[in-house]
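Here are my notes on this one, as numbered points. Have the sequence and the model open while you read.

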Amino acid sequence: MMRAAIIDMGTNTFNLLIAESQEGGTFKVLLDRKLPVRLGAGGITQKIITPEAMARGFKALEEHAAIMKEFGLTHAKVFGTSAIRSARNGKAFADQVFQRFGFDVEIISGKREAELIYKGVKNAVPLTEQPVLILDIGGGSNEFIIGDRENIFWKKSYKLGVARLLEEMHPSDPITPEEITKAESLFRMSLRELYKMVPMYAIDTLVGASGSFETFSALLCSEPGSRYRIPEDKAFMEISLPDYFRLHDQMIWSTADERSRMPGMEPIRVDYIVLASVFVSFVLKEFSIKKLIQSNYALKEGVMAEWMEQSGEN
């Protein structure tokens with residue numbers, strides 16, 4: 001039995017996953033911890049990581065390293081994604097992480113990120129022979145993958161992450177209809193290749209991975225008298241489209257102060273969730289999606305699955 005740690009240094013949060021290998025090719029999550037870092041804040045549009053953002057990153061890694069020790073672990077596989085790969089000083093930041101913590105940071109490409117997200121989702125959602133569209137909304141980039149239970153048919157990373165959009169657009173509070181229209185024009189222009197690919201595979205299901213989708217689930221589960229329950233026995237949840245669009249309306253009409261008081265809202269998501277919801281709503285409508293599934297697993301779980309495979313554990 002192998003115990004391992006993964007640290008995903010994302011644009012908004014630094015995530016720690018500790019898991020143990022199980023028989024039959026699976027792993028048991030022992031700890032899943034996220035710390036808000038906002039690595040892209042103040043610099044993502046200028047392609048730099050600010051000294052303040054670096055300091056928040058070091059503090060988060062210090063906390064993650066202390067937790068790892070409690071689990072008897074000193075080594076972790078550490079990944080840097082959009083904010084680090086697109087920053088001119090991203091490599092310098094990764095070098096400092098190595099000097100301070102001994103963590104060798106692998107700065108991964110958008111395509112590699114998409115592949116690992118697919119592997120994570122595959123471990124959470126029972127995919128079939130019918131291809132689905134997988135979407136991971138990050139802070140710096142959004143990854144789209146078309147795949148079924150065996151194969152990835154197409155994957156692409158777009159620089160449309162919510163922290164990046166927030167820094168570029170500075171939407172009002174609440175967001176205005178004009179700002180939504182402007183965002184949708186940007187999406188339409190950016191996603192040209194996706195418009196060609198979705199019809200080719202007769203896609204009708206969107207699988208959403210990562211923090212924004214987890215927040216949508218948590219908000220629905222926290223509503224009074226909700227029919228949604230956070231599942232204990234599985235790592236995914238189906239969200240009905242009418243419920244999603246009702247939640248979307250709430251997001252776009254709300255102020256940051258109102259959102260901060262919503263049960264189920266993570267503080268780190270208060271500013272980002274509106275643009276995330278505008279993006280998801282756009283994808284659902286634009287590509288005539290009939291079914292929405294939220295996956296608890298994404299990049300770090302994909303890394304864990306791959307690592308255990310390579311170690312001969314599954």
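1. First, the burial term: a residue is buried under 20% relative accessible area, exposed over 50% and partly exposed in between, using a 1.4 Å probe and protein chains only. Helices (H or I, at least four residues) and strands (E, at least two) are DSSP runs, numbered from the N terminus. With that in hand, look at strand 2, where both faces are covered. Thr 13, Asn 15, Leu 17, Ala 19 and Ser 21 are buried on one side, and Phe 14, Leu 16, Ile 18 and Glu 20 are buried on the other.

2. Some housekeeping. This is a predicted model, so note that local features need pLDDT of at least 70 and side-chain atom pairs count only at pLDDT 80 or more, while totals for chains, interfaces and linings use all residues. Residues are numbered from 1 along each chain as its sequence is written, and side-chain values use heavy atoms, with hydrogens and water left out.

3. What does strand 2 pair with? Pairing here requires at least two DSSP bridges between two strands. Strand 1 (residues 3–9) runs antiparallel to strand 2 over 7 bridges, and the two form a hairpin with 3 residues between them. Ala 4 has Ala 19 of strand 2 as its bridge partner. Strand 3 (residues 27–36) is also antiparallel to strand 2, joined by 9 bridges; there, Leu 31 of strand 3 stands opposite Ile 18.

4. Helix 8 (residues 211–221) is worth a look too: 10 of its 11 residues are buried, so the rest of the structure largely encloses it. The buried set includes Phe 213, Phe 216, Leu 219, Leu 220 and Cys 221.

5. Zooming out, the chain has 12 helices and 11 strands. Along the principal axes, the C-alpha atoms fill a box of roughly 50 × 45 × 40 Å. Buried residues make up 56% of the 314.

6. Finally, contacts (heavy atoms within 4.5 Å): of those in the chain with a separation of 6 or more, 70% are between residues 24 or more positions apart.
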